[in-house]
Amino acid sequence: MLLRDHPELIGLSIRTAAAAGDLDAVHHHLAADATSATRTIPPDHTPPLVYAVLGTVKQIRGVSRDDHVALVRALLDAGADPNTSISLPDNAGRIPVLYFP
C-alpha cells in the first residue's frame, strides 16, 4: 500500500491526513491553519470533510471507529460544513457526505 511504503505522504496536506485517518496529523494541520478545514483546492475543490468521511483507507489502515469519528468531529468543530455533499454517478443528484458510515 502506498501509505505504508511512504508514510510521509500523510503529512503533506489535511486531505491526505483525513483520508488516511491520521487524527494527530489532522490536529497538526488545524493548529497550523484552522482555515484548512474548509479550504478547497483545484481541480475538483473537494473539501477535506469528504476525505475524512470516506472510510475505505481508514479501514485498511486499522483506524478505530472512535478515531474516525473524532477526525470528522475535529473538522466540523473547525468549521467544516456539515451539509457538504458530493455528486452521485451520472450527475443524478447529490448526497450529503455525513450519510456515509
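Trainee: H45 is found in the loop between α3 and α4. Why is H45 called partly exposed?

Mentor: The model is a predicted one, and the answer rests on a computed area. The relative accessibility of H45 is 43%. Buried requires a value under 20% and exposed a value over 50%, with partly exposed in between. H45 therefore counts as partly exposed at 43%.

Trainee: Which peptide bond is cis, and what is its omega?

Mentor: The bond from P42 to P43 is cis, its omega being near 10 degrees. Most peptide bonds are trans. P43 is found in the loop between α3 and α4, the latter helix covering residues 48-53.

Trainee: T46 also lies in the loop between α3 and α4. Why is T46 called buried?

Mentor: Its relative accessible area is 16%, and the term buried applies under 20%. T46 is therefore buried.

Trainee: How do you know which residues T46 is in contact with?

Mentor: Contact requires heavy atoms within 4.5 Å. Leaving aside neighbours within four places in sequence, T46 meets that criterion with R15, T40, I41 and Y51. As for R15, it is 31 residues from T46 in sequence, and the C-alpha atoms of the two are 9.0 Å apart.

Trainee: What places H29 among the buried residues?

Mentor: H29 has a relative accessible area of 15%, against a cut-off of under 20%, so the residue is classed as buried. Its place is in helix α3, which spans residues 23-32. Apart from neighbours within four places in sequence, H29 is in contact with I10, G11, L12, S13, I14, A17 and S36.

Trainee: Why is L71 called buried?

Mentor: L71 has 0% relative accessibility. With buried defined as under 20%, L71 therefore counts as buried. The residue lies in helix α6, residues 65-77. Not counting residues up to four places away in sequence, L71 touches A17, A18, G21, D22, L23, V26 and A52. Of these, V26 is 45 residues from L71 along the chain, with 7.2 Å between the C-alpha atoms.

Trainee: H68 lies in helix α6. How do you know that H68 is buried?

Mentor: The relative accessibility of H68 is 14%, and the limit for buried is under 20%; H68 therefore counts as buried. H68 and L23 are 45 residues apart in sequence, yet their C-alpha atoms are 7.9 Å apart in space.

Trainee: How much of the protein chain is buried?

Mentor: Buried residues make up 33% of its 101 residues. The accessible surface comes to about 6300 Å², of which carbon and sulfur atoms hold 57%.

Trainee: In what order do the elements of the protein chain run?

Mentor: From the N terminus on, they run α-α-α-α-α-α-β-β, which amounts to six helices and two strands.

Trainee: What makes the protein chain as compact as a globular protein of its length?

Mentor: The radius of gyration is 13 Å, and the globule rule gives 13 Å for 101 residues, so the chain is as compact as a globular protein of that length. Along the principal axes, the C-alpha atoms fill a box of roughly 35 × 30 × 30 Å. Among contacts with a separation of 6 or more, 51% join residues 24 or more positions apart.

Trainee: How confident is the predictor in the protein chain, and which elements mark the lowest and highest mean pLDDT?

Mentor: The average pLDDT is 88, and 97% of the residues score at least 70.

Technical notes: Residues numbered from 1 in each chain as written. Predicted model: local features only at pLDDT ≥ 70, side-chain atom pairs only at ≥ 80, totals over all residues. Heavy atoms only, no water. Helix = DSSP H or I, 4+ residues; strand = E, 2+ residues; numbered from the N terminus. Rg over C-alpha atoms; globule rule 2.2 N^0.38 Å. Buried < 20%, exposed > 50% of the residue type's maximum accessible area, 1.4 Å probe, protein only. Areas by Shrake-Rupley, 256 points an atom, 1.4 Å probe, with all protein chains shown as cover. pLDDT = per-residue confidence, 0-100.
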